[in-house]
Amino acid sequence: MVDVGTESDLLRWIPLLPLLVAAYHGISIGVLRRPTVPRVAAIFSCAAVLLSFVLACIALRDLLALPPDSRMLVDDIYTWIGAGIGSRALSAEVSFQLDPLSAVMTLVVTFVGSMIHIYSIGYMEDDHRDDKGTQRFFCYLNLFTFSMLVLVLGDNLVLMFLGWEGVGLCSYLLIGFWYSDSWNAYCGSKAFIVNRIGDFGFLIGLFLLFNALSEIGHPAVSFAGIQAHFDGIVEMTIAVPAWMPFAPEWQLVNVIGLCFFLGACGKSAQIPLYVWLPDAMAGPTPVSALIHAATMVTAGVYMVCRLSFLYAAAPEASAVIAWTGAITALVAATIAITQNDIKKVLAYSTVSQLGYMFLAAGCGGYTAAIFHLGTHAFFKGLLFLAAGAVILAMHHEQDMRKMGGLWRRLRMTRWVFFAGVYAIAGFPPFSGFFSKDEILVAAWASHVPGHTWLYGIGMLTAGLTAFYMFRLWYLTFCGESRVPSDVLSHVKDPNGFVVNPLWVLAFFSVTAGLVGLPQIWGDLIGIEESNSLANFLKPVFAAGEPHHIAHSTEYWMAFWAVAIALSGTALAWLLYIKKPGVPDRIAATLSGLYRTLLNKYYIDELYDAVIVRPLVVFSDRVLYRIVDAGVIDGIGANGTAYGIRAVAANGLKYAQSGLAQNYIFFMIVGAVAIVGYLLR
Amino acid sequence: MIPAPDLNLSVLLPIILVAIGSMTILMGEVLLSRADTVLGREVTESFIGTVLAGTAIFFFALTLWASGVAFAGGGVQVFNPDNPMYQLDPFSSFVTAVLALSALLSCALSITYLSELRINHGEYYALIMLSASGMMLMVAAVDLIAVFLGLELMSIPIYVLAGFDRRKLRSNESALKYFLIGSFASAILLYGMALLYGVSGGTSFEALRAGFDADNPMALVGLGLVVVGFAFKISMVPFHQWTPDVYEGAPSAVTAYMSVTVKVAAFATLIRLLAMAFGPLEASLETIFWVLSALTIVVGNIMAIIQENVKRMLAYSSIAHAGYLMIGLVTGTIEGYSAMIFYLIAYTFMNLGAFGVVVALANRGNDCERIASFAGLARTRPGLAAVMALFMLSLAGIPGTAGFMGKFKIFMAAVNSGDIWLLIIGVLMSVVSVYYYLRIPVLMYMREPEDESHRTEIASGEGAVLVVCALAVLALGLFPNRVPTLLFGDLDVLDWANRSVGMFFGG
Amino acid sequence: MDQWVAAAGFVAVAIIVPVSMLVGAKLLAVTAKSSSKLKTMTYECGEEPEGGAWLQFHPRYYLVALIFVLFDIEAVFLFPWALAIEELGGLAIVDMLIFVLVLLLGWGYALRKGALKWQ
């Protein structure tokens, strides 16, 4: 039997607390229709998430007390879905598990989550668009936290899928939070629909995996169960028709891996399903920070890492992941260069950074992916929140062309923003430097075809990242102020609820890299086993055998990474501070390229023309008007109904004459028929 | 000296109790009516009504208890071993208990209704008890003569009851029609019995079974005519046409009573006849029942759609339910019979409940009749509207209600015995039935009230019956094999149904 | 085959009797012209009819007749019982007492309800 971990009843409370508070909010707005005072409601929510964080810390302490090889806490609550028998028996438990990977994710989600909850108190304070808005907002936010925690703590794929769908739902609700603006509602729908495409892949992968495991007699959906019997299905293949590529057989694990990756593409905004994330910025800024930067979008990365044993056995699928990640990183970075909306830049930056994580995961650097996931959660959460502070200060102005020179006005925000920019640009010793370095090393050392190219793309993207982040920085905080003077006089740092969490996040953005300090730096300052994160996570991940890289090479790689970041920064300084007119001239000279980038490679338009429009036309003209309204409603439903009524009203009614002799006549006919049949 | 037969009076105990009850009520009515010189007419009537209804309820409760004890004891007792006419066995005692319970609920339902309609005569309860005793005789009978005796004892008081509101033309018409056609059906039944007796040389079920010759046309004619006689009582198509007229004309409380108990008694007797007497003829009867069942389901449901009178609609609905019940007869398996018994119990509660709401709305001599008058009931009478909606959902067979569980059991039995087409007809027509059942909740909850003629307060008797029925419908729908009660622990109704018909299958 | 004959015979008799009655009535009935005054006149044997034939009878006729039938049947049961009482023993007396008591109750009810009052 699969080795189960240590029992711990504590785990269930980590997701349950936010759920309870969400339920409270839901009941008080939806059922009782008596909204709680906004500030009180907000404090409940924050308390729940903070308490979850405390519980997560306690659970982490318990986990660390165990020997490294058996670090696993489980909390089996009840059997959720029990179906089938024998080799097809499906038993999905509501059961939580905390292993090092879940622990890291849980801590990130609850910690960054609580910071953003606190920030939201201040941010949502002046939202008067809807009288129960604040409580509704916190209800969704807590529901999201619950779903995300179920996702990372669930010990089986089905429960994970529940969380997966839950975060998708909350994302939809929160993007369209200000639903009275139809654009916001449209963006919410777009996010939801694009995600559904990915979820479809997730489900197919789940079905294939379960089916394969049933065939070898070990039906399982729990991660432990799948891993225990996984060897049995590695060699399986699927026969495909000859006209398909790589016919006649596909290796099953590759197919499963790609299906799951399709799910990850949807949730984590990778090519080709990344289009929803930039539009998701329509939601309130704390939502962008929590869901669309720090936590939900990293669910795909988490899933790939969680299934590392599967991807380790599926090299082709891993290569696809690595290349998809690399290309996404590069494409999103190039788009980010041209965007003028401060949140849009950050959104494309998020897509790009997520590409980095997939690049790492595809190259087998699961630790690096999770490391970057963690540091990214801090600095991108910070950047979004800081951007939110700027937006608040600017009275909901998001266009960077109308900012500039805020350095003197936002005296606190500027420092935390600066920390975030430094971290993401990858300057030592900020956290982004170490995690990005890890990824580049992993790419260099991997066996993925063309891994040196992957390294090159990574370096190029690093340069672009530094460039567009400093572009953002210079446009917003430095140079001449382009803010209208009447607004400028009101620009000041927002209140304490907004600013204080920024300091906390800034602190971690700067220092979080130290938990995963690569050994080469540990050697420099004389610490053994300096990469404590990697050691902590090691038992979870499938061990690969990457190429060996000499320490000297690693130093050189770090050097070049810093160098390229510096050159990106310098270029940004040159273009936006030293010679502010140059960018426009470049844009004019390369107008074709510029417009392509500004319009995000016209991907939205392409999808619209190739997929959305034909689908809408088909579903309206054919499915709705002909099939549904015509055949099903017209002939099927209404036709039958009218037909039956007509039969009853016009035919059978006359048989019911009300005259006793007629009744007796029918009885005699019936009796004769019965006796006649018996005598046949 | 002729030796006295070794009679076992305890076999007839439930029936004797009911008969004594009916005589007590008759005498009580006569004696108490003298009180009007002291108390005045109005007070006396309501006083007498309450006391007599209480007496009826008391005796039915005794009967329920006696038959319940007999059922718990199990075993088969014969009234007269030399000439077995009646026997007390798990089947008869269980059905008797169901009959006693539904009669009890009907009595509780009638108290206020009778005085609202100003037909508050004590004979009402006596007649109900007499007909109930007839039903109980019928289900305990193992002899054709006894069956016929029971059938007539059941029918004649009901003819009278149907015309109980004698000032109303409809009620008179109802009684006369029922009586005429009923006598006709009785004659057919009796003729069939005579032929069967002629063939087998005996009237007991045992003799029938032994002397039955399936190739003998006379036996077949007799069998066919007996089936027709029962088909009339359970209103199978084409022997159903009296049903809507009679149900509509009879006072609502009487309709509630007869729509439930007559069906239970007649179906139970049919089961016993088939299982004990006509076993060898299963194959040829199966086709007949198949066709009757399909016809009944289709015609009952379709005709119900166009009704504008709630009592007529419920009449057609009861025809349709008889069709579903008939599926159990088609299967002829223990599963089918036990499903029928369960369905009958479920039907008892939901139909009594539905008519109970109609009864509770009757006001100042007027029955609540038009379906349209239910509009906006949720606004004016939220409690009644809620239980009515529940009963309608249950009659339609929505999951979570007793109606669903009954249909499910019946359809399951049909699947297991291979009657797939009958099942398909049943399911399709269930969908049709949703249309007319849900009309009432839609009217109650989504329309503005317009009809002011309803009674505005509910009597305690009616309230109690509705609550009991609603709880039973929910309990049987949610956990049919462990209905929770406060006093008696959990009740396993499914197991009871199985045990009651199990005796026919050597169980 | 003879069984078929028997069955057919029964069915035939059941059909023939009512049909022959109806047909006979049709054949034997004296038909008069519609204009004739005699057609609507009630038939009385050798008497001039007084009033219409559809006159209402008072329900107490039926009541008395019904109660008479009841006690008539009681007598039918009593005679064989009386003949066999010596051989049946004491229990038979109790049985018959119960039977008569039930009938007496009915009689009392009818009396109290005024069914036998002839005014």
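Chain A has 680 residues, and 51% of them count as buried; a residue is buried if 20 or more other C-beta atoms lie within 10 Å of its own, exposed if 12 or fewer, and partly exposed in between, with C-beta atoms placed from the backbone. This is a predicted model, in which local features need pLDDT of at least 70 and side-chain atom pairs count only at pLDDT 80 or more, while totals for chains, interfaces and linings use all residues. Residues are numbered from 1 along each chain as its sequence is written, and chains are lettered from A and ligands numbered from 1 in the order in which they are written.

Here are chains A and B side by side. Helices (H or I, at least four residues) and strands (E, at least two) are DSSP runs, numbered from the N terminus.

| Chain | Secondary structure | Buried share |
|---|---|---|
| Chain A | 27 helices, five strands | 51% of 680 residues |
| Chain B | 20 helices, four strands | 62% of 507 residues |

Two residues are in contact if their C-beta atoms, placed from the backbone, lie within 7 Å. Among the contacts of chain A with a separation of 6 or more, 78% link residues 24 or more positions apart. In chain B, 78% of the contacts between residues at least 6 apart in sequence join residues at least 24 apart.

Let us turn to the interfaces. Where chains A and B meet, 29 residues come from chain B and 22 residues from chain A. On the chain B side, helices H7 (169-200), H9 (217-233), H10 (242-249) and H12 (282-305) each supply at least two residues, and H9(B) gives the largest share, nine residues. This side of chain B divides into 23 nonpolar, four polar and two charged residues; Ala, Val, Leu, Ile, Met, Phe, Trp, Tyr, Cys and Pro count as nonpolar, Asp, Glu, Lys and Arg as charged, and the others, Gly among them, as polar.

The contact of chain C with chain B takes 15 residues from chain C and 12 residues from chain B. Helices H1 (2-28), H2 (59-88) and H3 (90-112) of chain C each supply at least two residues of that side, which has 10 nonpolar, three polar and two charged residues.

Finally, a look at one helix of chain A. H27(A), residues 660-678, has 19 residues and reaches 27 Å from its first C-alpha to its last, close to the expected 27 Å, a span defined as 1.5 Å times one less than the number of residues. Its buried residues are A:Tyr663, A:Met667, A:Gly670, A:Ala671, A:Ile674, A:Val675 and A:Leu678. They lie on the same side of H27(A) because they cover an arc of only 125° around the axis, taken from the directions from the helix axis to the C-beta atoms. The face turned away from this buried side carries the exposed A:Gln661, A:Val669, A:Val672 and A:Gly676.
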